[in-house]
Amino acid sequence: MFDTFQEIFATLRRSKLRTALTGISVSVGIFLLIVLLGAGNGIINAFLDMRGALALDVMNIFSGITSKPYHGMKEGRRVQIDTRDMQIASTNFQGTVLKSSAQVTQSNITVRYGKQHIVRTFNGVSPAYREMNTATDNMRAGRFVNDVDMQQRRKVIVISENDADYLFGTYRNAVGKYVTADGGMYRVVGVCSYHRGNNDMYVPYTTLKSIYNKGNNLDDIMLRTRGIKSHEDVDRFDERYRAIASRVHMYAPDDAEAVWMFNTSAGAEEMNKAFDILRVTLWVIGILTLLSGVVSISNIMLITVRERTHEFGIRKALGARPMTILRGVIVESVVITTFFGYTGMVLGVLATEYLNYVGGKYTVTVDNMTMTLFSNPTVDILTCVEALVVMITAGVVAGLIPARKAVKVKPIEALRAE
């Protein structure tokens, strides 16, 4: 076997250009497959992180802009949702709306503890918020906002594990400590697990309304619902809600832009369909890219065997057995495809990590929710290995078939080959 490898490396050194072309085709095929799949997974994971923060039976209601004139008022008016909308939901949708949570926010607040400081958004919420947002469901220490906090307008705060580690050294030291924010003192009562893309700190919404003079206005409302699963259910709820709320806010009952609603169940259904299409598209492109690499290997190996027909004739004339010649071709193909395939796989993984490093820094904020555009662009190691095996198999087959024909040629005929 040692002699076989010596012979292979000697052949590769003599044909540096052919070896380089073969290696590049293998590396590029696997590299592009991994990068495509990794990039697709990074985008999908980022959206799943955002969706994963919301329970799948929650209806969100946001302020909107009227698109139709109504009772002498022009279109383009902003409809500001407020505490009356919560009353509408709880009074008129009994049995459908199980719980509700109002939300008000205040951005760009500098939170300090000792020499450490951090800029965050305060999210004023009620206790029911925890049931509707899984980002706060897992408490690492302490508790969440409760009813007494709401009634007494306490200055208490719930922060994420990451922020607690930064401010206090470790989240285990956070509960019971006081932080300052805009001149006020807040007592840390809880630490929730960090949810990617969510850097908010949570305080009772009654406290936030009082301190920052929010009045009765709300940024959005979250409703825990029952029986709203399909788009038809969402449409019926929307139509009925708008018909009731339009009398309070004075807009056309059929104006779909006046108040915007989003149901996570229906949204999840559409999102999953989009993700499935994206995954299939990426796989199709990846497989075609891999096939182009296979074709390149096949062409190069066919040319290689033809060029070595004269060599095979000399070796047969000197007593070499056909199986020895075939084994040399196969081992050469395996060595080239394995080495360059592994190189392409490593480069692909490094490229996805770079995409994660660069893309993970870019975020967008939609309705006070910060979303990372790129997250965890991983590719299953089994997929990488399978792609490498496909390349190796293609190289072996591409070299074996013409090599078998070449070694069957009589030595005298092979020696005449050019």
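This is a predicted model: local features need pLDDT of at least 70, side-chain atom pairs count only at pLDDT 80 or more; totals for chains, interfaces and linings use all residues.
Two strands are taken as paired if DSSP finds at least two bridges between them.

Strand 6 (residues 156-160) runs parallel to strand 8 and is joined to it by five bridges; here Val-158 stands opposite Gly-190. Strand 5 is antiparallel to strand 8, with three bridges between them, and Ala-141 stands opposite Val-191. Of the nine residues of strand 8, seven are buried, so the strand is largely enclosed by the rest of the structure.

The nonpolar interior was examined next. In soluble globular proteins, nonpolar side chains tend to be buried together. The largest nonpolar core of the model contains 61 residues, of which Ile-61, Val-111, Phe-122, Ile-157, Phe-237 and Tyr-241 touch the most other members. Apart from this core lies another, of 24 residues, which includes Val-26, Leu-37, Leu-388 and Val-396. Leaving aside neighbours within four places in sequence, Ile-157 is in contact with Phe-122, with several residues from Tyr-186 to Gly-190, and with others including Val-179, Met-201, Tyr-202 and Val-203.

Aromatic residues were then considered. A pair of aromatic rings is described by the distance of the centres and the angle of the planes. Ten aromatic pairs are found in a search of the whole structure. In one of them, the ring centres of Tyr-129 and Phe-144 are 6.4 Å apart and the planes meet at 15°; the pair is therefore stacked, since planes under 30 degrees apart count as such. Tyr-129 belongs to helix 4 (residues 129-132), whereas Phe-144 is in the loop between strand 5 (139-142) and helix 5 (147-152), so the pair ties together parts that are 15 residues apart in sequence. Tyr-129 is buried, at 4% relative accessibility, and Phe-144 is buried with a relative accessible area of 4%. Elsewhere, Phe-93, Phe-237 and Tyr-241 form one aromatic cluster. Arg-240 lies over the face of Phe-93, at 4.5 Å from the ring centre.

In helix 6 (residues 161-168), the buried residues are Glu-161, Asp-163, Ala-164, Leu-167 and Phe-168. Seen down the helix axis, these residues fall within an arc of 160°, so they line one face of helix 6. An α-helix has 3.6 residues a turn, so residues three or four places apart point the same way. Just after helix 6, Gly-169 takes a positive phi of about 90°.

Beyond residues up to four places away in sequence, Thr-352 touches Ile-34, Val-35, Gly-38 and Pro-377. Ile-211, in helix 7 (residues 205-211), is partly exposed, because its relative accessible area is 34% and thus falls between the limits of 20% and 50%. With residues up to four places away again not counted, Ile-211 touches Lys-155 and Tyr-186. Ile-211 and Arg-153 are 58 residues apart in sequence, and their C-alpha atoms are 9.6 Å apart in space.

Notes:
Residues are numbered from 1 along each chain as its sequence is written. Side-chain values use heavy atoms; hydrogens and water are left out. Helices (H or I, at least four residues) and strands (E, at least two) are DSSP runs, numbered from the N terminus. Buried means under 20% relative accessible area, exposed over 50%, partly exposed in between (1.4 Å probe, protein chains only). Contact means heavy atoms within 4.5 Å. A nonpolar core is a set of buried Ala, Val, Leu, Ile, Met, Phe, Trp, Tyr and Cys residues joined through side-chain atoms within 4.5 Å. The arc is that of the directions from the helix axis to the C-beta atoms. Rings of Phe, Tyr and Trp (its six-membered ring) pair if their centres lie within 6.5 Å; planes under 30 degrees apart count as stacked, over 60 as edge-to-face and the rest as tilted. A charge sits over a ring if NZ of Lys or CZ of Arg is within 6 Å of the ring centre and within 35 degrees of the ring normal.
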